[in-house]
Amino acid sequence: MPSAIEVHQLSKHFGSVRAVDDLSFEVTAGRVTGFLGPNGSGKTTTLRILLGLVASSAGTATFDGRRYVELDDPVRHVGAVLEATSFHPSRRAEDHLKSVAIGAGIPISRVDETLDLVGLGDVARRRVGKFSMGMRQRLQLATALLGDPEILILDEPSNGLDPQGIQWLRTFIRHQASLGHAVLVSSHLLSEMEETVDDVVIVSHGRLVLQTTLAELASQAGTRTGLRIRSPELARLMALLHAIPVAYRQLAHDMLVIDGATPEWFGPFAAQHQLVLYELIHERGSLEEVFLSLTHGFDAADPRQAVGQPVGAGWPGPAPMQAGPS
Amino acid sequence: MIAIIRSEWLKMRTTAVPWVLAGIALIINGLLILVYFVGHGDGGGGGGNGGGNGSFGYPNYPHTTQQLRNLLGSGFAGYILALLLGVLCVTTEFRHKTVTTSLLVAPRRPQFIGGKLITSAILGAGLAVLMLVGTLLGGGLTLSVQGGSFSDLLRQVPAVAPGMILVFALFAILGVGVGAVLTNQVAAIIVSLGWFIILEGILVSLFHSLEKWLPTGAAAAASNLTRGMGSRFGLFNWWEGALLMLGYGLFFAALGSVILNQRDIS
């Protein structure tokens, strides 16, 4: 399957800040690719470089091998919803779309079609200044869809949408992929994307952490377990845990999680040390936890982790459970 | 490019900018006609007497060819509105962050500026036509009431209109150039008005020989397109002045394109 979008060794420096750092990934047609990372990890900059709005310092970002500015009818091939895009407040929704349609040589009839598609048909004649955040987001989506593009780039598209809007957006994105279109959608929340994406590209500090399929990531998450413990004797518990090779994280003044631990191991351990417990919960890892550990635990100084390894090889999260009950 | 220009026109007319400027143009029209007739009545005839003749047997309303041309061309001062039109055509995009969408439609930035140059030139010319029509109607009516001849005024159109239309279009082009360099709307407006209302006048009064090289001098020369007055007051010929004005506009537009090309839109 050829790549609809190819980002190759892309870098962008703002002074001494490396917003994007030697980033490479591909987006395949007919699939939804989640572009995930915490805020400030270089997602928006990458997308803006793809769309020719920001110049790269090095590397390439292309659609079927061509840069955005080199596309003949860019709006007919690539549709984009970007953050910090705005509308003239006194312009009517339909006039905004008409100006794009006329400039891109798209039939004016598409204006009403796309307005209906995003559910703004009734407010077509309203000035955008009176639009809510969610309506603006829908209007942006309508703008992206005007040219019926085969590639969609959506930067945090669910911002400002109500729960129904988010559900609608998910259905919409899946529908686009079913038509054979390539969709690249960024988010700082994996949980928001779990039901939508096929592939994930995870970035942190402008660098690729990993590119894989959601299925692979989920299978990894399923194997990650932890034990959440609430105890009034947390300090003593931590001192005890220090003595053995286990990884744990303190969540609150009276709560911590031991990675990979099981109740079968911890029960006797607590009894042996006469620890008072208030709560003991055996947790299976969620995708979100995997995502957080990938993006927070990622150490940019470790070159092994700069290349996109499949999950399992060189897991960059907290150290897995090493010592068992025996 | 035609698609970009049509899109620009739609973007312009769906904001208040051209309509407010057109409204101001008509108000200026009325005021200038008023000033012209009041001034003429005082100076020409030493107190009019109900549309008859002045004290020396001359009519106290505009009647010579030059007077009629001056009346018809009284809207010339509206060039500053054409300039603002060009400035706003660019800076509005940055002020309201619509530039992102515009650059997704026309990703080549010189093309984006080019579309604005042509659109603004056309709208600037339109503003001149509006002011000419306004003067013809307002001035012509006043003239008729005072006993003058509307058709005499109408006959001056071929002499006055082409130069004025040309100059307005050139000022709109210059405005786009200024806006392309100074994308901050407030800064661009202050610099444009500051230059044309204050700085240029001071420069000319200090160094008179500079006048023909400055935009207003070049524009004044260009306005002689069909009046055939040649180089009055040591100005350039009309075509030299027009080229100089166009040069100023295109220079700033090119500079703005280069700056915009380097600039990250985020």
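**Figure 1. Contact between chain B and chain A.** In this view, 30 residues of chain A are in contact with 24 residues of chain B, two residues being in contact if their C-beta atoms, placed from the backbone, lie within 7 Å. On the side of chain B that touches chain A, the elements giving two or more residues are helix H1 (2–13) and helix H5 (99–105) of chain B. Helices here are DSSP runs of H or I with at least four residues, strands are runs of E with at least two, and both are numbered from the N terminus. H1(B) provides the largest share of that side, 6 residues. By class, the side of chain B that touches chain A has 10 nonpolar, 9 polar and 5 charged residues. Ala, Val, Leu, Ile, Met, Phe, Trp, Tyr, Cys and Pro count as nonpolar, Asp, Glu, Lys and Arg as charged, and the others, Gly among them, as polar. The model is predicted: local features need pLDDT of at least 70, side-chain atom pairs count only at pLDDT 80 or more, and totals for chains, interfaces and linings use all residues. Residues are numbered from 1 along each chain as its sequence is written, while chains are lettered from A and ligands numbered from 1 in the order in which they are written.

**Figure 2. The two assigned domains of chain A.** Chain A holds 11 helices and 13 strands. Its domain assignment gives domain 1 (3–214) and domain 2 (220–306), with bounds that come from an automatic or database domain assignment. The centres of domain 1 and domain 2 of chain A, taken over C-alpha atoms, are 38 Å apart. Their contact takes 12 residues from domain 1 of chain A and 8 residues from domain 2 of chain A. On the domain 1 side, helix H7 (190–193), E8 and strand E9 (207–213) of chain A each supply at least two residues. E9(A) gives the most to this side, with 3 residues. The side of domain 1 that touches domain 2 divides into 6 nonpolar, 4 polar and 2 charged residues.

Figure 3. A:Val201 lies in strand E8, which spans residues 199–204. A:Val201 counts as buried because it has 26 C-beta neighbours inside 10 Å. A residue is buried if 20 or more other C-beta atoms lie within 10 Å of its own, exposed if 12 or fewer, and partly exposed in between, with C-beta atoms placed from the backbone. Leaving out residues up to four places away in sequence, A:Val201 touches A:Phe25, A:Thr33, A:Phe35, A:Leu36, A:Leu208 and A:Gln211. A:Phe87 is 114 residues from A:Val201 in sequence and 30 Å from it in space, C-alpha to C-alpha. Across chain A, 41% of the 326 residues count as buried. Of the contacts in chain A with a separation of 6 or more, 71% are between residues 24 or more positions apart.

**Figure 4. An open antiparallel sheet in chain A.** The 4 strands of this open sheet run in the order E11-E12-E10-E13, and the pairing is antiparallel. Two strands pair if DSSP finds at least two bridges between them. Strand E11 (248–252) and strand E13 (279–284) of chain A are the edge strands, each pairing on one side only. From one strand to the next, the twist averages 20°. Strand E10 (residues 225–230) pairs with E13(A) in the antiparallel sense over 6 bridges. A:Arg228 has A:Ile281 in E13(A) as its bridge partner.

**Figure 5. Helix H10 of chain A.** H10 (residues 263–273) is hardly covered, with 0 buried residues among its 11. A:Gln274 follows H10(A) and has a positive phi, near 55°.

Figure 6. Helix H6 (residues 109–145) and helix H8 (residues 157–181) of chain B have axes that come within 7 Å and cross at roughly 145°. Axes are lines fitted to C-alpha atoms, for helices over the stretch in contact, and angles run from 0 to 180 degrees between N-to-C directions. The residues of the contact of H6(B) with H8(B) divide into 19 nonpolar, 3 polar and 1 charged. Helix H4 (residues 79–95) of chain B packs with H8(B) at an angle of about 35°, the axes being 7 Å apart. The contact of H4(B) with H8(B) has 17 nonpolar, 4 polar and no charged residues.
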